[in-house]
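Open the model in your viewer and keep the sequence panel beside it. This tour tells you what to select at each stop and what is there.

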Amino acid sequence: MKKFLLAAIFIFMFACLAFAADIEVWQDPSLKFSELKKIFIMPFDLKLEANNSLMPAKQQNAQIFSWAADGINSSMKKGNLTIKTLDALTEDMKFIYGEKIPEGQFFKAASEMGYGAFIKAGLSQKFVTQHVPESVRTYTEYKEIQKRDKNGKIIETLRIPEEKIEIIPAHDVTYLSTAVEPKIFLVNDHEGDHVAAAKGFIYREYQGGPVMKVVENLTKATMKELFKHEEAKSNSKSKRKK
């Protein structure tokens, strides 16, 4: 029980550190999230070199989609936005349009079904080894000397400084680098440029622990900031008007 508790505490602490990330957001000023009712997310472009999980790709993609949707929903009003995977949307289309959607008509069909935007995202994680050369550290230690009277009673304590030198050998330090880069495209202009983008990035010394917890937290945080950005501006404007 004690081992389980310690492991749970370690995982929680490791996961919380992931929120200390750099997240940049850009938006086309004309984009209005409040007008979006349905969006879908393309499969992530995954480069997870640090993850040694044997989880099947389909299951891993479903897990990452769930994290992305959680992040988006934490910024939007609950129930106001429908979010689906590409596979789920394709199945819905088959129900309406039949087994085969006419070539080149996918985005037209998505628009007819009420989808206004879609997300393409890259997700990468890797270990980076940095060599640290030998270095010298100087520091001061204090040695205490006690003075006693003839009866052995301490009458004074002196602190004598001593300069110390420590040689730190050359060594390697392992860092964990994680990045999430989602971009929003309009369904009616799917071949055009993206209308919003975010980049979440975290790079820190790796102390052990489940690397996918960093992916989870960074994905959620980046998606939240991407969809919160316009909402926050709207809220601040309405407050100024009041």
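Select Lys 164 and Glu 162. Their side chains meet in a salt bridge, 3.7 Å from N to O. A salt bridge here is a side-chain nitrogen of Lys or Arg within 4 Å of a carboxyl oxygen of Asp or Glu. Side chains of opposite charge can pair when their charged atoms come close. Lys 164 is partly exposed at 29% relative accessible area, and Glu 162 is partly exposed at 30%. The cut-offs are these: buried is under 20% relative accessible area, exposed is over 50%, and partly exposed is in between, using a 1.4 Å probe and protein chains only.

A note before moving on: this is a predicted model, in which local features need pLDDT of at least 70 and side-chain atom pairs count only at pLDDT 80 or more, while totals for chains, interfaces and linings use all residues. Residues are numbered from 1 along each chain as its sequence is written, and side-chain values use heavy atoms, with hydrogens and water left out.

How many salt bridges does a search of the whole structure find? The search finds seven.

Next, select Asp 92 and Lys 84. Their side chains form a salt bridge at 2.5 Å, N to O. Asp 92 counts as partly exposed at 25% relative accessibility. Lys 84 is also partly exposed, at 25%.

Now pick Lys 94 and Glu 91. The closest N and O atoms of this salt bridge are 3.4 Å apart. Both residues lie in helix α3, three residues apart, about one turn of the helix. Helices are DSSP runs of H or I with at least four residues; strands are runs of E with at least two; both are numbered from the N terminus. Lys 94 is partly exposed at 26%, and Glu 91 is partly exposed at 48%.

**A nonpolar patch**

Stay on helix α3, residues 86–97, and select Phe 95. Is Phe 95 buried or exposed? Phe 95 has a relative accessible area of 77%, so it counts as exposed. With Phe 95 they form a nonpolar surface patch, with about 370 Å² of accessible area together. Patch residues have over 30% relative accessible area and no salt bridge; nonpolar side chains (Val, Leu, Ile, Met, Phe, Trp, Tyr) are joined within 5 Å, like charges within 9 Å. Accessible areas come from the Shrake-Rupley method with a 1.4 Å probe; for residues, only the protein chains shown count as cover.

**A charged network**

Go to helix α5 and select Glu 216. Glu 216 is buried, with a relative accessible area of 12%.

**Into the core**

Select Ile 39, Ile 72, Ile 119, Ile 184 and Phe 227. These touch the most other members of the largest nonpolar core, which has 37 residues. Two or more residues come from each of β2 (38–41), α2 (57–73), β5 (117–132), β8, β9 (196–205) and α5 (211–241). Helix α5 gives the most, with eight residues. A nonpolar core is a set of buried Ala, Val, Leu, Ile, Met, Phe, Trp, Tyr and Cys residues joined through side-chain atoms within 4.5 Å.

Zoom in on Ile 39. Beyond its neighbours within four places in sequence, its contacts (heavy atoms within 4.5 Å) include Ile 72, Leu 81, Tyr 115, Ile 119 and Phe 227. Another core of 13 residues lies apart from the largest one; among its members are Phe 40, Met 93, Phe 107 and Phe 185.

**Last stop: Ala 179**

Select Ala 179 in strand β8, residues 171–186. Ala 179 counts as buried, at 9% relative accessibility. What touches Ala 179, leaving aside its neighbours within four places in sequence? The contacts are Gly 122, Leu 123, Ser 124, Gly 200, Phe 201 and Leu 218. Leu 218 is 39 residues away in sequence, yet the C-alpha atoms of the pair are 7.8 Å apart.

Finally, zoom out. The protein chain has five helices and nine strands. Of its 242 residues, 32% count as buried.
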